[in-house]
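Dear colleague,

I am handing over the structure below, and my notes on its strands and surface follow it. Please read them alongside the coordinates.

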Amino acid sequence: MAASTAPAPPVAPRKDHRQVWHGRTFVDPYYWLREKGSPEVVKYLEAENAYTEATTADLKPFSEGLYKEMLGRIKQTDLSVPTRDGHFYYYRRTVEGLQYPIRCRMPAGPDGAFRDEAPEEVLLDQNEMAKGRPSSRWAPSP
């Protein structure tokens, strides 16, 4: 991107904010950015995001290709190594197309061995918990 066509980066305004801790005064000119719900902070962050999008637009095809290549090398439907604790084996499994792992357990056999045919008990399925909620902003688009 040529320097003449590149947008100017947003500059966060400095606002004096003083705090006294243990008798010492600390000045933080960017303290106002901690107020995440503030319209002023949201506007500034949107400007930062727009600047980043504009200056990295030429990298988008590369980053999408890299993401697809990495995704192609990851086994998406998988099972962690079951770990025995008491009378149960605990593990987590991932399912292709789902964002979060599913945490499960199976009863150990009478001899304490892991049995594939044992009934699975789902302890925590975050995918079910996430239904109806907005997806993560940070998750890359497929």
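Strand S3 (residues 78-79) and strand S5 (residues 88-94) of this predicted model run antiparallel and are joined by two bridges, where strands are DSSP runs (E, at least two residues; helices are H or I, at least four), numbered from the N terminus, and two strands pair if DSSP finds at least two bridges between them. Within that pairing, Leu 79 has Arg 93 as its bridge partner in S5. S5 is also joined to strand S4 (residues 83-85) by three bridges, again antiparallel, with Asp 85 opposite Phe 88; the hairpin of S4 and S5 has two residues between the strands, and in it Gly 86 takes a positive phi near 70 degrees. Six bridges, antiparallel as well, pair S5 with strand S6 (residues 102-107), and here Arg 92 stands opposite Arg 103.

Elsewhere, His 22, in the loop between strand S1 (18-21) and strand S2 (24-27), has a positive phi near 55 degrees although it is not a glycine. Most residues other than glycine have a negative phi. His 22 is exposed, with a relative accessible area of 85% (exposed means over 50%, buried under 20%, partly exposed in between, with a 1.4 Å probe and protein chains only).

Met 70, in helix H2 (residues 60-73), is partly exposed at 46% relative accessible area.

As to conventions, residues are numbered from 1 along each chain as its sequence is written. Local features need pLDDT of at least 70 and side-chain atom pairs count only at pLDDT 80 or more, while totals for chains, interfaces and linings use all residues, and side-chain values use heavy atoms, leaving out hydrogens and water.
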